Amino acid sequence: MSNSLTIVLEDHEKLTDICGVNDENLIILEKLTGTKVYSRGNEIHIDSPEEKKQVFFRELINKLQDYQSNGRLIEPVLINSVAESMLNDKKEDKELFDKKCIMLPGGTRVYPRSARQASYIESIENNEIVFGVGPAGTGKTYLAVAAALREVLSKNKRKLIITRPVVEAGESLGFLPGDLTQKLNPYLKPIYDSMDSFLSYETIQRMEESRLIEIAPLAYMRGRSLTNSFIILDEAQNTTKTQMKMFLTRIGEGSQAIITGDITQVDLPGSNKSGLIHAVDILKGIDGLSFTFFDTKDVVRKRIVKHIIQAYERSNKK
């Protein structure tokens with residue numbers, strides 16, 4: 001066995017993508033292999049005489065090239081996820097991460113960036129009601145919006161309904177300027193940020209004007225029967241038990257719902273128990289309803305965000 005391994009890539013441009021901006025991906029590869037990794041020309045090298053490390057490195061680079069050929073961006077979070085799936089003994093988990101994708105009309109593909117995200121996508125495909133529970137930055141809202149837009153733009157669902165509880169912080173919603181949608185926009189900014197990733201501002205406006213996208217505060221759901229719609233309830237940790245029950249019983253024939261929230265960031269006043277926490281306690285095991293639980297390992301924003309969340313978790317345990 002040689003003291004090093006050299007892998008020759010098709011061209012320098014592909015190597016540049018594998019290495020990442022300012023070689024940030026090489027740093028991840030070095031951490032994963034515990035040895036020096038460097039590039040030269042259209043070659044990537046690992047300095048290690050250990051057969052196990054060389055085999056792992058070759059398989060990892062081959063997988064990254066496969067993802068590259070499918071148009072996926074090679075970034076640190078993807079490399080870590082691929083490495084994790086390779087070390088995972090569950091064959092079905094590996095296949096899920098490799099194959100799952102949300103395809104929007106027009107050809108836009110949204111790939112999972114972690115094994116848990118792949119499982120979340122599968123749950124959305126196979127269930128009428130899906131809960132995505134976990135910290136910020138895990139992609140639970142982003143993937144929910146992608147799945148919703150796929151269904152509405154493909155005309156599988158009549159409209160997208162977006163709602164959330166309005167937990168006020170010292171000011172009444174009525175003091176905000178504009179009509180109801182304009183008053184709610186600041187509260188729904190994360191949803192709009194996600195939609196902006198897939199559609200132009202003009203397209204979103206047209207869809208709102210034609211009622212293909214409907215924005216409503218959770219309180220306005222009472223008494224309605226939501227049929228043939230895709231419904232997203234965001235920030236669900238701030239629902240009360242009564243509100244959560246009310247929302248879930250609004251879901252009518254042909255509709256699908258995704259409920260997202262972070263049970264570590266409950267803003268409800270007083271002793272009110274979160275409707276999301278209560279739902280997690282009592283709704284497991286119902287056919288057609290699924291829970292996906294994310295944790296800090298699934299954070300796919302900047303690495304510093306993951307470290308911040310972990311620091312708060314450690315602080316809460318003291």
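Is Ile 161 buried or exposed? Ile 161 is buried, because its relative accessible area is 1%, and the cut-off for burial is under 20%. The model described here is a predicted one.

**Surroundings of Ile 161**

Ile 161 lies in strand β7, which covers residues 159-164. Leaving aside residues up to four places away in sequence, Ile 161 is in contact with Glu 214, Met 221, Arg 224, Leu 226, Ser 229, Phe 230, Ile 231 and Ile 232. The C-alpha atom of Ile 161 is 7.5 Å from that of Ala 216, although 55 residues separate the two along the chain.

**The six-stranded sheet**

Strand β7 belongs to an open sheet of six strands, with parallel pairing and the order β8-β7-β9-β10-β6-β11. The edges are taken by β8 (213-217) and β11 (289-293); each has a single partner strand, so one side of each has no neighbour in the sheet. From one strand to the next, the twist averages 15 degrees.

Within this sheet, strand β9 (residues 229-233) and strand β10 (residues 256-261) run parallel and are joined by four bridges. Ile 231, one of the residues touched by Ile 161, stands opposite Ala 257 in β10. Helix α7 (residues 140-153) packs on the sheet and touches β6 (129-133), β7, β9 and β10. The direction of α7 makes about 165 degrees with that of β9.

**The three-stranded sheet**

Another open sheet has three strands in the order β1-β3-β2, and here the pairing is antiparallel. Its edge strands are β1 (5-8) and β2 (37-40), each of which pairs on one side only. The twist in this sheet averages 20 degrees from one strand to the next.

Four bridges hold the antiparallel pairing of β2 with strand β3 (residues 43-46). Ser 39 has Ile 44 in β3 as its bridge partner. Two helices that pack on this sheet are α2 and α3. Helix α2 (residues 24-33) touches β2 and β3, and its direction makes about 140 degrees with that of β2. Helix α3 touches β1, β2 and β3, and its direction makes about 15 degrees with that of β1.

**Helix pairs around α3**

Besides packing on the sheet, α3 meets helix α1 and helix α4. The axis values of the two pairs are set out below.

| Helix pair | Axes come within | Crossing angle, roughly |
|---|---|---|
| α3 (residues 51-69) and α4 (residues 76-87) | 10 Å | 125 degrees |
| α1 (residues 12-19) and α3 | 11 Å | 110 degrees |

The axes of α1 and α3 cross at roughly 110 degrees. That angle makes α1 roughly perpendicular to α3. On the α1 side the contact involves Lys 14, Asp 17 and Ile 18, which meet Ile 61, Leu 64, Gln 65 and Gln 68 in α3. By class, this contact has three nonpolar, two polar and two charged residues.

For α3 and α4, the axes cross at roughly 125 degrees, and the two helices are therefore oblique to each other. Their crossing is right-handed. Helix α3 contributes Phe 56, Glu 59, Leu 60, Lys 63, Leu 64 and Tyr 67 to the contact, and helix α4 contributes Leu 78, Ile 79, Val 82, Ala 83, Met 86 and Leu 87. These residues divide into ten nonpolar, no polar and two charged. Leu 64 of α3 takes part in the contact with α4 and also in the contact with α1.

Technical notes. Residues numbered from 1 in each chain as written. Predicted model: local features only at pLDDT ≥ 70, side-chain atom pairs only at ≥ 80, totals over all residues. Heavy atoms only, no water. Axes fitted to C-alpha atoms, helices over the stretch in contact; angles between N-to-C directions. Parallel < 35°, antiparallel > 145°, perpendicular 65-115°, else oblique. Left-handed = near helix turned anticlockwise from the far one by under 90°. Contact = heavy atoms within 4.5 Å. Nonpolar A, V, L, I, M, F, W, Y, C, P; charged D, E, K, R; others polar. Pairing = 2+ DSSP bridges. Buried < 20%, exposed > 50% of the residue type's maximum accessible area, 1.4 Å probe, protein only.
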